[in-house]
Amino acid sequence: MTFGEKLAKAVAAHGPLCVGIDPHPSLLDAWGLSRTAEGLERFALTAVEAFGGKVSMVKPQAAFFEAHGSRGVAVLERVIAELRDSGTLVLVDAKRGDIGSTMAAYAEAYLGDGSPLAGDAVTLSPFLGFGSLQPALDTARATGRGVFVLALTSNPEGAQVQRTVAPDGRTVAQTIIDFATARNSGISPCGDVGLVVGATIGETDVDLAGFNGPILAPGFGAQGGSVADLKRLFGPDMRNVFPTSSRDVLKHGPDVSSLVSAVRRVQESL
Ligand SMILES: O=C(O)c1cc(=O)[nH]c(=O)n1[C@@H]1O[C@H](COP(=O)(O)O)[C@@H](O)[C@H]1O
């Protein structure tokens with residue numbers, strides 16, 4: 001199956017909501033867990049129990065696992081394996097990006113068959129040039145996985161770079177969108193190159209009309225983005241838009257049934 005086919009199947013079963021697993025130290029405290037690899041593991045596996053098989057996609061944030069060194073990375077590997085076993089798509093949020101020859105190694109790590117860090121997709125940063133991501137785009141295509149490339153991020157500082165106008169008159173964000181659009185062209189039901197467009201970006205002057213791929217919309221929930229913002233940005237049917245929320249759901253833990261109820265409430269609001 002292509003990544004687009006996997007996404008379509010997941011959305012038909014569970015709707016578009018993506019839930020993030022972001023084990024912030026303050027959330028470990030709130031859940032009564034220690035700020036150690038053991039606390040991290042308990043947190044992450046509780047989240048897997050709550051979200052696995054209930055949402056279309058789960059997005060573990062690699063940074064919070066890496067903060068615990070090799071033991072934290074081992075927990076991330078387990079989270080990826082258990083979510084995939086539950087039938088839930090896994091988007092590993094690692095925001096990788098480097099020169100092409102190094103990118104090939106990141107591609108193998110996050111998108112290669114048999115790699116313990118490979119989920120179903122990975123987030124990528126295109127600011128070394130969209131073309132530098134080519135090894136990841138090729139590996140994703142070859143293994144039926146996907147990538148989500150940063151275009152307009154949810155943080156206020158993103159505009160400093162992403163809304164800069166290039167010599168050809170397009171913004172940096174539009175340039176990235178146009179590369180992604182070209183890569184996905186003609187693929188049904190949708191392409192394997194996704195974009196990240198934050199729910200908090202306010203008015204957008206970019207053109208997404210021809211874009212035939214999934215859009216991850218972070219900033220929904222804890223950063224202030226609402227359902228109304230999503231509809232204003234992406235249109236009322238929000239086709240191929242995957243709103244993603246981490247803290248706003250995770251704050252309902254550690255009780256699994258409270259986490260599940262929180263997920264259900266957000267799914268209904270969408
Ligand atoms: O790629 C991302 O997921 C991402 C892009 C972006 O523009 N903004 C953004 O917040 N994120 C990630 O989405 C998550 C948001 O978490 P909450 O604000 O707790 O919902 C974090 O893991 C961020 O790293």
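A polar contact is taken here as a pair of N or O atoms within 3.5 Å; within protein, one must be able to donate a hydrogen and the other to accept it, and residues adjacent in sequence count only if both atoms are side-chain atoms. The model is predicted: local features need pLDDT of at least 70, side-chain atom pairs count only at pLDDT 80 or more, and totals for chains, interfaces and linings use all residues. Residues are numbered from 1 along each chain as its sequence is written, and side-chain values use heavy atoms, with hydrogens and water left out.

Lys 59 places a polar side-chain atom 2.9 Å from a ligand oxygen atom. For Gln 223, a polar side-chain atom lies 2.8 Å from an oxygen atom of the ligand. Ser 246 uses its backbone instead: an N or O atom there lies 2.9 Å from a ligand oxygen. Of the 510 Å² of accessible area that the ligand has on its own, the protein covers 90% (Shrake-Rupley method, 1.4 Å probe).

The shell around the ligand numbers 16 residues, each with a heavy atom within 4 Å of it. Asp 22, Ser 154, Gln 223, Ser 246 and Arg 247 come nearest. By class, the shell has four nonpolar, seven polar and five charged residues. Ala, Val, Leu, Ile, Met, Phe, Trp, Tyr, Cys and Pro count as nonpolar, Asp, Glu, Lys and Arg as charged, and the others, Gly among them, as polar. The ligand takes up the space of the largest pocket. A pocket is an open set of points on a 1 Å grid over the protein atoms alone, with a 1.4 Å probe fitting and protein on both sides within 12 Å along at least five of seven lines.

Salt bridges number 16 in the structure (a side-chain nitrogen of Lys or Arg within 4 Å of a carboxyl oxygen of Asp or Glu). One of them joins Arg 96 and Glu 66, at 3.2 Å from N to O. This pair links distant parts of the chain, 30 residues apart: Arg 96 in strand 3 (residues 89-96) and Glu 66 in helix 4 (residues 62-66). Helices (H or I, at least four residues) and strands (E, at least two) are DSSP runs, numbered from the N terminus.

Backbone geometry was also examined. Most residues other than glycine have a negative phi, and most peptide bonds are trans. Lys 95, in strand 3, has a positive phi near 45°. The Ser 188 to Pro 189 bond is cis, with omega near 0°. Pro 189 sits in the loop between helix 9 (172-184) and strand 6 (193-197). The Gly 253 to Pro 254 bond is cis, with omega near 10°. Pro 254 lies in the loop between helix 11 (247-250) and helix 12 (256-269).

Terms used. On a 1 Å grid over the protein atoms alone, a cavity is a set of points where a 1.4 Å probe fits but cannot get out, and a pocket is an open set with protein on both sides within 12 Å along at least five of seven lines; lining residues have an atom within 4 Å of a point. A molecule sits in a cavity or pocket if more than half of its atoms lie within 2 Å of its grid points.
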